[in-house]
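Me: I would like to learn how to read the features of a chain, one at a time. Could you give the general idea for each and then the case at hand?

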Amino acid sequence: MMTIDKFNFAGKKAIVRVDFNVPLDENGKITDDTRIRGALPTLKKVLADGGSLIIMSHMGKPKGKVNAKYSLSQIVDAVSEKLGVPVQFAPDCAKAGDAAAALKPGEVLLLENLRFYPEEEGKPVGIDKEDPAYEDAKKAMKASQKEFAKTLASYADCYINDAFGTAHRKHASTAVIADYFDADNKMLGYLMEKEVQAVDNILKDIKRPFTAIMGGSKVSTKIGIIENLMDKVDNLILCGGMTYTFAKAQGGKIGNSIVEDDKLELALDIIAKAKAKGVNLVLGTDCVAADSFSNDANTQVVPANNIPDGWEGLDAGPETQKAFAAAIEDAKTILWNGPAGVFEFDNFTAGSRAIAEAIAKATKNGAFSLIGGGDSVACINKFGMADQVSYISTGGGALLEAIEGKVLPGVAAIKGE
């Protein structure tokens with residue numbers, strides 16, 4: 001497989017799929033530029049070699065229609081500033097042939113939001129799945145998706161995919177476009193290479209003990225990853241809102257806490273599987289309960305399986321925090337996805353902070369720690385501890401699918417799998 005380090009971009013035009021789906025405030029100003037900064041090494045390599053750049057990305061979910069709220073024109077100045085060169089803008093990504101052809105070495109063109117075209121995602125627009133005509137519409141869309149990808153490919157001599165955040169989607173710009181470049185002219189960007197390597201460290205090059213921490217509100221969204229990890233981990237911490245589904249499944253009282261009543265059997269099944277496989281399953285034993293869902297609520301520490309009526313668990317309690325730390329501090333491989341409480345409220349961050357501090361301590365002692373998923377990343381940034389872990393993944397869904405053992409179309413298209 002061609003790599004970006006082996007390739008010489010001198011005199012070449014490179015079309016690069018990045019993930020510039022950055023959060024904007026109501027004035028269109030970027031509130032977190034992590035994703036732009038993440039793509040800079042790849043973009044700068046092309047320019048340093050003497051190549052020219054065509055940058056493409058999506059933003060938000062415009063559902064195949066032009067929507068000014070999601071226009072990438074809003075980030076042109078920020079990208080120019082970070083790259084250190086003026087960035088030109090193509091207001092229509094599918095009609096940028098002339099602008100691309102005119103690019104000289106060292107010049108940069110940013111295409112408008114790819115998802116303004118339904119062909120990017122390849123889903124028919126304005127027709128229900130139940131409609132008898134849906135299958136025909138889907139076939140027609142797949143054909144026009146190929147044409148759309150071919151148009152994008154025609155702008156450049158080589159293709160780089162550096163958008164790990166969308167690598168689990170078989171979209172025009174993340175997978176289909178790769179068909180129009182031979183093996184020597186398509187490659188992963190630096191960010192993608194690092195992400196793929198980080199996943200390999202977690203799945204293939206496991207140093208033991210291996211502790212995985214899965215948080216968040218629902219068991220259902222994490223079941224695939226929990227099942228795949230069962231065969232790999234020594235310690236599995238399940239925390240956050242799913243704590244209460246497990247507590248209720250075991251006959252506990254959970255007050256007004258979040259719960260998936262249709263997943264109680266599944267919770268018991270996970271407990272049984274962990275036992276059968278010799279995995280140390282760590283569940284919350286106590287929690288910080290609140291009398292309302294707000295930062296200013298009255299709180300009390302109670303057993304996670306005996307929460308008074310009218311109260312809800314919003315964070316891991318002190319005993320649980322100690323149990324989490326004990327399962328993390330001696331680990332040599334650590335994966336963290338999902339917070340231990342409602343960390344957006346400052347008064348309910350202690351559980352997540354205990355996890356972050358234990359991970360930092362283990363990392364300092366030589367562990368490989370991978371943090372992924374928007375909320376965990378937001379946590380580690382909120383605590384100012386991003387520099388104390390091994391790797392922070394930019395791709396939430398893509399990371400989870402990779403760790404579930406699924407093939408990512410965006411990676412497979414480059415590797416020719």
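**Reading the chain feature by feature**

Reply: We can begin with a loop: Pro209 lies in the loop between H6 and strand S7 (210-214), where helices (H or I, at least four residues) and strands (E, at least two) are DSSP runs numbered from the N terminus. The peptide bond that leads from Arg208 to Pro209 is cis, with omega near 0°. This is a predicted model, in which local features need pLDDT of at least 70 and side-chain atom pairs count only at pLDDT 80 or more, while totals for chains, interfaces and linings use all residues. Residues are numbered from 1 along each chain as its sequence is written, and side-chain values use heavy atoms, with hydrogens and water left out.

Me: How many of the eight residues of helix H8 (residues 242-249) are buried?

Reply: Seven of the eight are buried, so helix H8 is largely enclosed by the rest of the structure. The buried residues are Met242, Thr243, Tyr244, Thr245, Phe246, Ala247 and Ala249.

Me: How should I read a nonpolar core, and which residues have the most contacts inside the largest one?

Reply: In soluble globular proteins, nonpolar side chains tend to be buried together. A nonpolar core is here a set of buried Ala, Val, Leu, Ile, Met, Phe, Trp, Tyr and Cys residues joined through side-chain atoms within 4.5 Å. The largest has 66 residues, and Ile15, Leu111 and Leu236 have the most contacts inside it. Helix H6 (residues 190-203) gives the most to this core, with seven residues. Apart from this core lies another, of 30 residues, among them Met2, Met59, Val76 and Val87.

Me: What is the distance in space between Thr3 and Leu188, C-alpha to C-alpha?

Reply: They are 6.6 Å apart, although 185 residues separate them in sequence. Thr3, in the segment before strand S1 (13-17), touches Met187 and Glu193, not counting residues up to four places away in sequence. Across the chain, among contacts between residues at least 6 apart in sequence, 72% join residues at least 24 apart.

Me: What is the radius of gyration of the chain as a whole?

Reply: The radius of gyration is taken over C-alpha atoms, and the globule rule is 2.2 Å times the number of residues to the power 0.38. With 417 residues, a compact globule would have a value near 22 Å, and the chain has 23 Å, which agrees. The chain has 14 helices and 17 strands, and buried residues make up 54% of its 417 residues.

Key
Buried means under 20% relative accessible area, exposed over 50%, partly exposed in between (1.4 Å probe, protein chains only). Contact means heavy atoms within 4.5 Å.
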